[in-house]
Amino acid sequence: MNLARFPRIRLGHLPTPLEPMERLTRHLGGPKGGPRLWIKRDDCTGLSTGGNKTRKLEFLMADALAQGADIVITQGATQSNHARQTAAAAAKLGLACHILLEDRTGYADPAYSASGNVLMDKLHGASLSRRPGGADMQAEMEAVAEAMRAEGRRPYVIPGGGSNPIGALGYVNAAQELVTQASDMGLRIDHVVHATGSAGTQAGLVAGLVALNSGIPVLGIGVRAPKAKQEANVLALAERTLAHLGLPGLLRPEHVVANCDYVGQGYGIPTEGMVAAVRLVAEQEGILLDPVYSGKGMAGLIDLIRQGRFGREENVVFLHTGGQAGLFGYPDAFGLPAETPR
């Protein structure tokens with residue numbers, strides 16, 4: 001599996017750390033009464049506060065440059081981590097960037113609509129346009145791209161989350177990185193758990209771990225779609241990614257597993273479990289999760305541990321996909337009013 005065959009621009013601080021979460025492990029009953037918890041710090045990829053999309057953008061932006069693009073177009077929810085990292089990558093490479101933001105929550109709070117990732121999009125020089133919830137965002141991007149072509153621009157359209165076979169190569173690479181780190185540490189990984197949304201991260205991980213014959217199962221904690229749809233999306237993209245690598249036919253449906261019991265009322269809408277998980281990891285490990293992806297992913301992991309779904313002393317790696325900037329868009333969810341100066 002030679003990823004050097006594919007165009008890539010180095011944007012991230014890689015490899016990211018693989019660290020034990022010792023206090024959280026003890027808090028949740030391990031190592032004698034439960035699993036040992038580890039964290040793969042893809043919040044530390046470095047590009048505009050980091051996050052998982054940076055790995056995907058290393059391959060996507062290389063493809064954009066190879067095609068002679070002068071502007072990239074992408075889309076996401078209002079507080080999109082992908083949009084922020086795409087804007088940063090474009091700025092670093094001297095490309096223009098236009099972002100379509102979909103209102104998936106209906107929140108009108110200025111903290112949500114203008115701070116956090118939205119503020120950072122603008123700081124990186126991206127132009128923004130808004131779309132209502134439920135819009136066909138791929139069609140909307142294509143319409144914008146066509147208008148730009150008519151003006152003589154050379155747009156490159158990146159799907160939401162960077163989730164296509166080119167972007168998923170970033171997580172095939174992450175799978176290789178994780179297996180190498182574990183080998184160097186003498187660590188047997190029994191499970192990888194992470195938040196899954198647009199499918200690219202899970203598809204790339206599954207494709208990479210299967211291609212490496214690692215025997216490491218991946219559990220995606222869904223943040224948007226129902227289980228059947230999420231698993232179908234991941235499976236289809238993982239199959240396309242392996243075909244892109246020249247390795248068709250390796251994947252079986254049982255390689256793709258998602259648990260979508262922790263979405264709550266919908267994408268980007270806080271849950272009690274998410275808030276509790278973000279607080280717990282911040283207090284136990286000094287690590288900030290985000291309210292949309294990793295917070296719900298960790299909420300699912302914690303609940304599954306408490307249900308006894310993982311074996312005693314099994315090593316469970318939680319992949320932190322980043323997004324802490326999104327916390328600033330959800331101040332009310334955490335009930336933290338401003339302190340009065342004394």
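**Terms and their grounds**

Guide: Ala168, Tyr171, Val172, Ala175 and Val179 of α7 are in contact (heavy atoms within 4.5 Å) with Gly200, Thr201, Gly204, Leu205, Ala207, Gly208 and Leu209 of α8. This is a predicted model, in which local features need pLDDT of at least 70, side-chain atom pairs count only at pLDDT 80 or more, and totals for chains, interfaces and linings use all residues. Residues are numbered from 1 along each chain as its sequence is written, and side-chain values use heavy atoms, with hydrogens and water left out.

Visitor: Why are α7 and α8 called oblique to each other?

Guide: The axes of α7 (residues 165-185) and α8 (residues 200-211) cross at roughly 50° and come within 7 Å. Angles under 35 degrees count as roughly parallel, over 145 as roughly antiparallel, 65 to 115 as roughly perpendicular and the rest as oblique; α7 and α8 are therefore oblique.

Visitor: What makes Ser80 buried or exposed?

Guide: Its relative accessible area is 5%. Buried means under 20%, exposed over 50% and partly exposed in between, with a 1.4 Å probe and protein chains only, so Ser80 is buried. Ser80 lies in the loop between β3 and α3, and an unreviewed UniProt entry lists Ser80 under "active site"; such annotations may be inferred rather than shown by experiment.

Visitor: How do you know that β3 and β4 pair?

Guide: Two strands pair if DSSP finds at least two bridges between them. Strands β3 (residues 71-77) and β4 (residues 96-102) have seven bridges, in the parallel sense, so by that definition they pair.

Technical notes. Helices (H or I, at least four residues) and strands (E, at least two) are DSSP runs, numbered from the N terminus. Axes are lines fitted to C-alpha atoms, for helices over the stretch in contact, and angles run from 0 to 180 degrees between N-to-C directions.
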